[in-house]
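Good morning, colleagues. Please have the sequence and the coordinates open while I speak.

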Amino acid sequence: MANLFRLLLIAAITVSTLVACSLWEERKPLLNKSLENTPLPSVPNVNPKTIDPENLPDAPYLQSPRQVVIKMLEMAKVKPNDVVYDLGSGDGRIVITAAQKFGAKAIGIEIDPELIRESDRSTKAALNETPQIRNQIKFIKQDLFKADLRDATVVTLYLSEKANLRVRSELLPKLKSGVRIVSYQYDLGDLPATRTEKIKVGDQEHMIYLWILD
């Protein structure tokens, strides 16, 4: 009797399974057709005119090798009485080095808030080693082309070719005579450099340009 019951139970399960499979096969074309007719979610178009240009950097962030930073400041003959502005200051290494190693007052102009935060973290670490430079370092979140450079004696650049040309046309006329401008990698168009140097770091050569304004 028990064996008969088990056989009946197995048969019932088999029949219900076959019925379920048959129903699924009948519904599958309908499901596929429904999915085919379902439109994909739309992606809103971005109007370039709505992008705030002040949030766009004038050059991608790339770290300058420490040897290059030192050479830039040496070429500009930075002294404790200098005011150094680093335009597009990134993680703040030029600003911190100018204060820490050369004794100058240094200001970094950077538009990216995350890089400003990184600069602040680097400054805290530097102050642990040289607390006396606390009042010599400052970072400003700003479009570099709107920076007030009236008290600058040295300006450092690591931007792009296009940005450097804007610096030449928009900022150089506002700088006072005798200001030293140092640029890593890119020149100022056809403006003759006062001095150029190549520095080798590992297996790569890096070009540095210096101009002294009349």
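This is a predicted model: local features need pLDDT of at least 70, side-chain atom pairs count only at pLDDT 80 or more; totals for chains, interfaces and linings use all residues.

What is the count of cavities of 30 Å³ or more? The count comes to one. The residues that line the largest cavity are Leu87, Leu149, Val155, Leu157, Val167, Leu171, Leu172, Leu175 and Ile181. By class, that lining has nine nonpolar residues, with no polar and no charged ones. Strand 4, residues 154-157, supplies at least two residues of the lining, and helix 5, residues 161-171, likewise supplies at least two.

I turn next to the second largest pocket. The volume of this pocket is about 230 Å³. Its lining has 13 residues, and those that lie nearest the centre are Arg66, Arg93, Ile96, Thr97 and Ser122. What classes of residue make up the lining of the second largest pocket? There are five charged, four polar and four nonpolar residues. Three helices each give at least two residues to this lining: helix 2 (66-75), helix 3 (93-102) and helix 4 (113-129). Of these, helix 4 provides the largest share, with five residues.

For orientation, let me place these elements in the chain. The secondary structure comes to five helices and seven strands. Read from the N terminus, the order of elements is α-α-β-α-β-α-β-β-α-β-β-β. The chain has 214 residues, of which 37% count as buried. If we take the contacts between residues at least 6 apart in sequence, 68% of them join residues at least 24 apart.

A general remark leads into the packing. In soluble globular proteins, nonpolar side chains tend to be buried together. In this model, the largest nonpolar core has 30 residues, and those touching the most other members are Val68, Met72, Leu73, Val78, Val84, Ile137 and Ile208. Helices 2, 3 and 4 each supply at least two residues of this core, as do strand 3 (137-141), strand 5, strand 6 (195-201) and strand 7 (204-212). Which element gives the largest share of this core? That element is helix 3, with six residues. Apart from this core lies another, of 24 residues, and its members include Ile107, Leu157, Leu172 and Tyr209.

If we set aside its neighbours within four places in sequence, the contacts of Val84 are with Val78, Ala98, Ala104, Lys105, Ala106, Ile107, Val154 and Thr156.

Next, a polar residue, Ser183, which lies in strand 5, residues 180-184. Is Ser183 buried or exposed? Ser183 counts as buried because its relative accessibility is 0%, and the cut-off for buried is under 20%. Its side chain is joined to that of Asn164 by a polar contact of 3.1 Å. Beyond its neighbours within four places in sequence, Ser183 is in contact with Met72, Leu157, Asn164, Met207, Ile208, Tyr209 and Trp211.

Lys77 is in the loop between helix 2 and strand 1, residues 83-87. Its phi is near 50°, a positive value in a residue other than glycine. With a relative accessibility of 56%, Lys77 counts as exposed, because exposed means over 50%.

Gln185 is placed in the loop between strand 5 and strand 6. Here too phi is positive in a residue other than glycine, with a value near 80°. Gln185, at 29% relative accessibility, counts as partly exposed.

Finally, Pro173 has its place in the loop between helix 5 and strand 5. Its relative accessibility of 62% makes Pro173 count as exposed.

Technical notes. Residues are numbered from 1 along each chain as its sequence is written. Side-chain values use heavy atoms; hydrogens and water are left out. On a 1 Å grid over the protein atoms alone, a cavity is a set of points where a 1.4 Å probe fits but cannot get out, and a pocket is an open set with protein on both sides within 12 Å along at least five of seven lines; lining residues have an atom within 4 Å of a point. Grid points are joined across faces, edges and corners, and a volume is the space filled by probe spheres set on the points. Helices (H or I, at least four residues) and strands (E, at least two) are DSSP runs, numbered from the N terminus. Ala, Val, Leu, Ile, Met, Phe, Trp, Tyr, Cys and Pro count as nonpolar, Asp, Glu, Lys and Arg as charged, and the others, Gly among them, as polar. Buried means under 20% relative accessible area, exposed over 50%, partly exposed in between (1.4 Å probe, protein chains only). A polar contact is a pair of N or O atoms within 3.5 Å; within protein, one must be able to donate a hydrogen and the other to accept it, and residues adjacent in sequence count only if both atoms are side-chain atoms. Contact means heavy atoms within 4.5 Å. A nonpolar core is a set of buried Ala, Val, Leu, Ile, Met, Phe, Trp, Tyr and Cys residues joined through side-chain atoms within 4.5 Å.
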